[in-house]
Amino acid sequence: QLSGADPFPSQTTCPIVGFFSTHLTPFVSAKGTTYPSCTESTMAPEAAVGAAFPPAEIAAFTDLHGKGETQFEMRSATENESLGCSDKVACSIVVIPIMGLSCDATSTECTKSGRFEAGSSNFAGDGVDATVSPLYWWSESNWRNRITVPVTFGLAPDACDVLDKRKPVAFYGSELLSQAALQWSPAFCLRKDRFKFQHNRLSDEAAFALMEKKEAAASIVSGERERDTDDPVGYAPTAVSGFAISYIVDEPDNKGERRQLNLTPRLLAKLLTQSYTGSELGSQHPGMSTNPHAINQDPEFKALNPGLDVVSREAGASLLSLSESSDVLTSLTSYIAQDADAAAFVGGTPDPWGMVVNPSYQDITLPRTSWPLLDTFVPTTAQECQKQNPAPYFTQLAAPVTSLRKIAEATLDAWPNVQTKCDRATTSDPYKVGRVDRQGVGSRFMLGLVSLGDAARFGLRTASLQTVSEGKAGEKFSDASGRTFVAPSADTMAAALAFAKPTKPSQAFEISQKDLVTSEEAYPGTMIIYTAALLTGLDKSDAAHVSEFIKVSTTEGQRVGSGNGQLPKGYLPIRKAGATATLYKAAQTVASEIAKQDGLGNQTQPESGSAPADGTVADSAAASGGKVPAAPSTAGPSATGEDVAMTATASATSGLAHTLIPFLLVLGLFAGLGSPLLRIAARRRSR
C-alpha cells in the first residue's frame, strides 16, 4: 500500500488518505536534501504551485502517431537551486512514453486502454483510466521505454563578477541588445587585455540622457535621439535585430500549435487601443457594445488566419506590451501609423465589419515612445469580488510589464498577465484580484511584444506582418489574397536594410516604415542597434573602452554561434560586405572618432556597397587556437573568457523541445489507445 520511499515518511509528514495505495517519488536536491514530495509543503520550493517560475511539469501534444513538440525553458542553478544544473553539474532530460501498464491480463482495471476517442480532448476534466495516464509514470513498464537526453550549461550568470574583480564599464540602454550582450560580456571580462563590459537594460531615452551627462560611458539606443546639449555624439551601428509579435495559439481539436499567424497594422492598433472588450464586462463600455470580445472573434483576423477557434478569452483582447518608454514602441507605432486603414481606425472610422476604436484612444498621437493606459471605465457587476475590488477593467486586461524579457517568458509559459482572477484564502477573507492562471494545452491563445533575440532564445513563434497590399484603403477583404506578410528572418532583415538611409556623418541611419512596407521581402520590425557616445569630453579611459567594444562587437562579435563572444540567433550579422557593409564601415569610423575625442565627426558617410567585397569577420575561435568557449546561462550576464579553455557547449534541438529544463517532468495528456503520453522526468545524475 505504501511504496516509493524506504523508510516511508510518517503520517505527520505525509498524511495518507484513507484506504488508497500511495507511491512516493522523493526528490533529492543538488545539495542532498530529500523532499518527500507528497504534499505541496514537502516539495522542492521551485516545484510548488506558487513558485515564481512554472512548476516542473509541462503538458504537450502527442498526435495519433505519437508525435509532438513543445518549447520550454532550460534553467540553471540560478533559477532552480534545488536542481543545481551548472557548468559543473551535468543534467539529463528523460522522456517517458506512457503506453499502458504490463500486468495481469485478467485484471479489468489494469488492462483499460482509455475512455476517450483518439484525438479528443478532456477539457472537462472527466475521470481517466489510470493505466494510460501519467499517474504510474514511474512503473517499470513505462520507465523502461525512457529516452535520455543529456544537457550541458555554461558558467553561472555572475561568473564575470566572481572571476573578475575589476570595476565594470557600464553601458546602459536598449533591451534589444540583451541576448547579444549576454554572450559578448565574457569575451571581455575574462581577458586580461580587455575591460569588463556590463550591459544594463534601461529605456533608450534614459540611457541616452545618462551618456550625455557623462554618467555613463555609452548608451545603447535604436535610433537618433533628441539632444539636451551641444556636445557631438557618434552613433556606431553595433547589431541588427528588432521586435516581433510572439504568440502561442493552439489549433482546435488537439491539432497542435498554429505555426503561421498573419497580422495587419489595423489588428495591432485594435489590440493596443484596447478596442476588444474581453468579456461581457467590457461590452458595457459606452460605444463598444458590438465590438468582439477578443481578436480571434474579429472577422478581419479570422479571414487572415482561418481554422482557429472563436472561444472568448480575456487574454485575446490585448497585446502584452511594455509599461515604459522604448524605441521598440516607437518602431511598432510607426508601423501602425503609416497604414491608412490603421490610421483611419484610430481616428474613429469603423472597420468594414463595424468595429470601432475605444473612445479613450481615438485620435491618439502616433508614433510614440510609450503607450499610456487611458481607459478608466469600471464596469458594474453583481459579483462580490469586483464589488470589493473596483478597478478600470481594460487596464486589468492590458497589464503591461517592465521588460521584453518578461513578455517572452510569459508567452513561453502561456501565462497571460491579465489581472482579473478573483481569489481568497478562506470563505471569510476578502477577495483579491490577481493574475489569471496559465492557459492549458489545447486552448492557449496569447500575443506579446518581444525582441527578436528573446524570441530566438526561447523558441517562440513570431507573427508575419503585412507589408505590400493591393487593396484600397478601407476595402473589405475575405482572405490574405493580394497582401504580403513578411516573417522575421536574416534574409528579411537584410532586405529591410536596403532602405536604411545615411544621414549626417557619424549619425544614425534612417529607416522609414513607409519605405519598408513597399517591399515584399523586408521585415517591418527590423531595427539597427547603436552604441552612442560623446565625441568630445569623454574620459580617455572610457573613450578607449567604448571604441574597443565597438570594434570587437562588430568583428568577432558578429560570428554567429551559441558560444561566448559570438552572435546569438535573432540578430543579422554585420559584415564588411553585402547588405550590412555601410553599417560596418560606419561603426569603425565612429569607433575611431570616439577614441580620438577631437569632436570633429566630419568623416563622409560611406555610400551603399562601398566596402570591399572580400572582407570577412574575424574568427575568434581560430584566434584562440580553435577553442570554442562554453555558452552562458540563459539568465543574466554570463561568462567564460575567450582565452579560457573549456568544454564546448553544443547546440541541441529536438522535435520535443527547443529549449530544455533539466529534471523537468513534461506530461503530454492525450487520450486514446495507441497514442502515447509524453512525460519528461528527471533523475539526478549519480555522483
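Modeller: Number the bonded cysteines of the chain in sequence order, and the pairing reads 1-2, 3-4, 5-6, 7-8, 9-10. Keep in mind that this is a predicted model: local features need pLDDT of at least 70, side-chain atom pairs count only at pLDDT 80 or more, and totals for chains, interfaces and linings use all residues. Residues are numbered from 1 along each chain as its sequence is written, and side-chain values use heavy atoms, with hydrogens and water left out.

Biologist: How many disulfides does the structure hold?

Modeller: It holds 5 disulfides. A disulfide here is a pair of cysteine sulfur atoms within 2.5 Å.

Biologist: How far apart are the sulfur atoms of Cys 85 and Cys 91?

Modeller: They are 2.1 Å apart, and the two form a disulfide. The torsion about the S-S bond of Cys 85 and Cys 91 is about -115°, so this disulfide is left-handed.

Biologist: Is Cys 85 buried or exposed? And what about Cys 91?

Modeller: Cys 85 is buried, at 1% relative accessible area. Cys 91 is buried as well, at 3% relative accessibility. Buried means under 20% relative accessible area, exposed over 50%, and partly exposed in between, with a 1.4 Å probe and protein chains only.

Biologist: Next pair. What is the sulfur distance for Cys 103 and Cys 110?

Modeller: In the model, the sulfur atoms of that disulfide are 1.3 Å apart. The link of Cys 103 and Cys 110 is left-handed, with -120° about the S-S bond. Cys 103 is partly exposed at 36% relative accessibility. Cys 110 counts as buried at 13%.

Biologist: And which parts does the pair Cys 160 and Cys 189 tie together?

Modeller: First the geometry. Cys 160 and Cys 189 form a disulfide with sulfur atoms 2.1 Å apart. The S-S torsion is -80°, and the link is left-handed. Cys 160 lies in helix H2 (residues 159–163) and Cys 189 in helix H3 (residues 178–189), so the pair ties together parts that are 29 residues apart in sequence. Helices (H or I, at least four residues) and strands (E, at least two) are DSSP runs, numbered from the N terminus. Cys 160 is buried at 7% relative accessible area, and Cys 189 is buried at 2%.

Biologist: Switching to helix packing. At what angle do H16 and H17 pack?

Modeller: About 165°, for H16 (residues 540–553) and H17 (residues 581–596), with their axes 8 Å apart. That makes H16 roughly antiparallel to H17. Roughly antiparallel means an angle over 145 degrees. Axes are lines fitted to C-alpha atoms, for helices over the stretch in contact, and angles run from 0 to 180 degrees between N-to-C directions.

Biologist: Which residues in H16 meet H17?

Modeller: Ala 543, Val 546, Ser 547, Ile 550 and Lys 551. On the H17 side they meet Ala 587, Gln 588, Ala 591, Ser 592, Ile 594 and Ala 595. Contact means heavy atoms within 4.5 Å.

Biologist: How many of those are nonpolar?

Modeller: By class, the contact of H16 with H17 has 7 nonpolar, 3 polar and 1 charged residues. Ala, Val, Leu, Ile, Met, Phe, Trp, Tyr, Cys and Pro count as nonpolar, Asp, Glu, Lys and Arg as charged, and the others, Gly among them, as polar.

Biologist: Last one. Where is Thr 518 found?

Modeller: In the loop between helix H15 (513–516) and strand S19 (526–534). Thr 518 is exposed, at 53% relative accessibility. Leaving aside neighbours within four places in sequence, Thr 518 is in contact with Val 468 and Phe 499.

Note on methods
Parallel < 35°, antiparallel > 145°, perpendicular 65-115°, else oblique.
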